[in-house]
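Subject: Structure for you, with notes

Hello,

Here is the structure I promised. My notes follow below it.

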Amino acid sequence: MAQNFFNKKAFSLFHLNLSFSSIESSDQIKLIKNCYWPLLDLVSSTGLKIGIEISGSSLEKVAALDPSWIEKFLKLHSQGLIELIGSGAYQIIGPLIPYDINLSNQTIGLKIYNKILGITPKCALVNEMAFSSGVVDFYVEAGFEALLMERN
């Protein structure tokens, strides 16, 4: 599926992060209801194909707070409308963290994706858009085939 997704000339990627510092724990369910659900509804109603990047820790929170969102995500994924983009268990600034911790973050994230979704993403979004030549190696070692990064 990843090959077909990346052969397109353009695609939309959405970053979902329940651990963002300005989001209070008490507001996480509101974020899922007001932002995450409308995203799935948009895909469902239009057939728009998108990528969704979510950390393992955010995915665990969504699964605990609203399991029906996970069900809908999986339905749309099975229809080829959503590509899961990995980012590890947590959003961390790779170049500032030792290699083995970065690798563990990615492999633990992959285990979470598999446990909750039964999906192993082939593409990762570079955490915090913090790139250095060394970050490529731990993503490759974790098993990713492609990396995405924003260019400003």
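**The sheet**

Gly-51 stands opposite Glu-83 in strand 3. Strands here are DSSP runs of E with at least two residues, and helices are runs of H or I with at least four, both numbered from the N terminus. This is a predicted model, in which local features need pLDDT of at least 70, side-chain atom pairs count only at pLDDT 80 or more, and totals for chains, interfaces and linings use all residues. Residues are numbered from 1 along each chain as its sequence is written, and side-chain values use heavy atoms, with hydrogens and water left out.

Three strands make an open sheet, in the order 1-2-3, with parallel pairing. Two strands count as paired if DSSP finds at least two bridges between them. Strand 1 (12-16) and strand 3 (82-85) are the edges, and each pairs on one side only. On average, neighbouring strands are turned by 25° against each other, direction ignored. Angles run from 0 to 180 degrees between N-to-C directions, and axes are lines fitted to C-alpha atoms, for helices over the stretch in contact.

Strand 1 and strand 2 run parallel and are joined by five bridges. Glu-53 sits opposite Ile-85 of strand 3.

Is strand 2 mostly covered or uncovered? It is mostly covered, as five of its five residues are buried. Buried means under 20% relative accessible area, exposed over 50%, and partly exposed in between (1.4 Å probe, protein chains only). Ile-50, Ile-52 and Ile-54 lie on one side of strand 2, Gly-51 and Glu-53 on the other. In a regular strand the side chains alternate between the two faces of the sheet.

**Helix 4**

Helix 4 (residues 67-78) packs on the sheet and touches strand 1, strand 2 and strand 3. Contact means heavy atoms within 4.5 Å. The direction of helix 4 makes about 115° with that of strand 3. Its 12 residues should span 16 Å at 1.5 Å a residue, and the end C-alpha atoms are 17 Å apart, which agrees. The expected span is 1.5 Å times one less than the number of residues.

Which residues of helix 4 are buried? They are Trp-69, Ile-70, Lys-72, Phe-73, Leu-76 and His-77. These cover an arc of only 165° around the axis, so they are on the same side of helix 4. The arc is taken from the directions from the helix axis to the C-beta atoms. Glu-71 and Ser-78, on the other side, are exposed. The cover over the buried residues includes helix 2 (28-46), helix 3 (56-65) and helix 5 (99-117). Gly-80 follows helix 4 and has a positive phi, near 80°.

**Two buried residues**

Asn-17 is in the loop between strand 1 and helix 2. Its relative accessible area is 12%, so Asn-17 is buried. A polar atom of its side chain lies 2.9 Å from the backbone nitrogen of Ser-19. Not counting residues up to four places away in sequence, Asn-17 touches Ile-23, Leu-31, Tyr-36, Ser-58 and Gln-91.

Leu-59 is in helix 3. Leu-59 counts as buried because its relative accessibility is 1%. Beyond its neighbours within four places in sequence, Leu-59 has contacts that include Ile-54, Ile-70 and Ile-112.

Best wishes

Conventions
A polar contact is a pair of N or O atoms within 3.5 Å; within protein, one must be able to donate a hydrogen and the other to accept it, and residues adjacent in sequence count only if both atoms are side-chain atoms.
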